[in-house]
Amino acid sequence: MPLTFIAIIPARYASTRFPAKPLAMLGGKPVIQRVYEQVAGVLDDAVVATDDERIYEAVRAFGGKVEMTSTAHRSGTDRCREAYDKQGREYDVVVNVQGDEPFIRREQLEALRRCFENPATDIATLVKPFSESDGLAALENPNSPKVVLDGESCALYFSRSVIPYLRSVPREEWLSKHTFYKHIGIYAFRSEVLRKVTALPQSPLEEAESLEQLRWLENGFRIGVGITDAETVGIDTPEDLTRAEAFLKQHPEFNR
């Protein structure tokens, strides 16, 4: 039997850098609606998980599925767990789609799906190779985590530092001498694994780098990695929204 997949989209109203971000208008629709429409129909089901009545009502207004969740969650993963438990049925895999990724593509979701063809995969995520045109500043940006993979495309480590370090190679030549991978923050969990990872305490590496996926690696979970060349435009600030508007005009396929 094929595996069943549900997308859960955590969406909070409070944000230090961009309050009310899910309700910001992008090309005539709220950001959260654009995220929802990108995943609904690709996976078996989709639901928004929020802690705010305004977002709840906005999702209902465009006909989406939505669950109210606690305001006390430490992370989007914890919010996903609560929303999943409220569904009243089991799915094989839960996909955590960030509520500020309105341009997630079908092929990226399919790449995540393929990771679970390996029965040893507990969790899946995506990476995008850095290109030489990205430049060294983009590679060294600590807000853009990097990933190293093993021979079976599973994650060995995530870091805000540049990994691996190319010894004896001038830094300005690194991008031409090695393929570095940028992490794209979308995760998929086998449902029983989601319940396990949300019960774990924070780990030393997670606290050091402020990357929750390190908690999962430290506890022995196997993270399969799909590789995509598709660019993503996450929205963290009002300036990002301006860039997203420009991206939308250049990519009419995102307008339905």
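Colleague: How much space lies in the largest cavity?

Modeller: This is a predicted model, and the values are computed from it. The count comes to two cavities of 30 Å³ or more. For the largest cavity, the space comes to about 50 Å³.

Colleague: Which strand gives the largest share of the lining of the largest cavity?

Modeller: The lining includes Val 97, Gln 98, Glu 101, Leu 126 and Thr 232. Ile 184, Gly 185 and Ile 186 also line this cavity, and strand β10 covers residues 181–190. With three residues, the largest share comes from β10.

Colleague: How do the residues of that lining divide into nonpolar, polar and charged?

Modeller: Ile 104, Leu 126 and Ile 184 are among the lining residues, as are Gln 108 and Glu 101. Val, Leu and Ile count as nonpolar, Glu as charged, and Gly as polar. The lining of the largest cavity divides into five nonpolar, four polar and one charged.

Colleague: Which residue in β10 is the bridge partner of Ile 123?

Modeller: Ile 123 belongs to strand β7, residues 123–129. Strands β7 and β10 run antiparallel and are joined by seven bridges. The partner of Ile 123 in β10 is Phe 189.

Colleague: Which residue in β10 stands opposite Asn 96?

Modeller: Asn 96 lies in strand β6, residues 93–96. Four bridges join β6 to β10, and the two run antiparallel. Opposite Asn 96 stands Tyr 187.

Colleague: Are the rings of Tyr 187 and Phe 189 stacked, edge-to-face or tilted?

Modeller: The count of aromatic pairs comes to 11. In the pair of Tyr 187 and Phe 189, the centres lie 6.3 Å apart and the planes are at 40 degrees, so the pair is tilted.

Colleague: Are Tyr 187 and Phe 189 buried or exposed?

Modeller: Tyr 187 is the residue opposite Asn 96, and Phe 189 is the bridge partner of Ile 123. Both Tyr 187 and Phe 189 are buried.

Colleague: What is the volume of the second largest cavity?

Modeller: Phe 254 and Arg 256 are among the residues that line the second largest cavity. Helix α1, residues 31–39, gives the most to this lining, with three residues. The lining divides into two nonpolar, one polar and four charged. The volume of this cavity is about 40 Å³.

Colleague: Which residues form one aromatic cluster with Phe 254?

Modeller: The rings of Phe 247 and Phe 254 have centres 6.0 Å apart and planes at 45 degrees, so this pair is tilted. Both Phe 247 and Phe 254 are buried. The residues that form one cluster with Phe 254 are Phe 103 and Phe 247.

Colleague: Over which ring does the charged end of Arg 54 sit?

Modeller: A charge sits over a ring only within 6 Å of the ring centre. Arg 113 lies over the face of Phe 5, at 4.8 Å from the ring centre. The charged end of Arg 54 is 3.5 Å from the centre of the ring it sits over, that of Tyr 13.

Conventions:
Residues are numbered from 1 along each chain as its sequence is written. This is a predicted model: local features need pLDDT of at least 70, side-chain atom pairs count only at pLDDT 80 or more; totals for chains, interfaces and linings use all residues. Side-chain values use heavy atoms; hydrogens and water are left out. Buried means under 20% relative accessible area, exposed over 50%, partly exposed in between (1.4 Å probe, protein chains only). Two strands pair if DSSP finds at least two bridges between them. Rings of Phe, Tyr and Trp (its six-membered ring) pair if their centres lie within 6.5 Å; planes under 30 degrees apart count as stacked, over 60 as edge-to-face and the rest as tilted. A charge sits over a ring if NZ of Lys or CZ of Arg is within 6 Å of the ring centre and within 35 degrees of the ring normal. On a 1 Å grid over the protein atoms alone, a cavity is a set of points where a 1.4 Å probe fits but cannot get out, and a pocket is an open set with protein on both sides within 12 Å along at least five of seven lines; lining residues have an atom within 4 Å of a point. Grid points are joined across faces, edges and corners, and a volume is the space filled by probe spheres set on the points.
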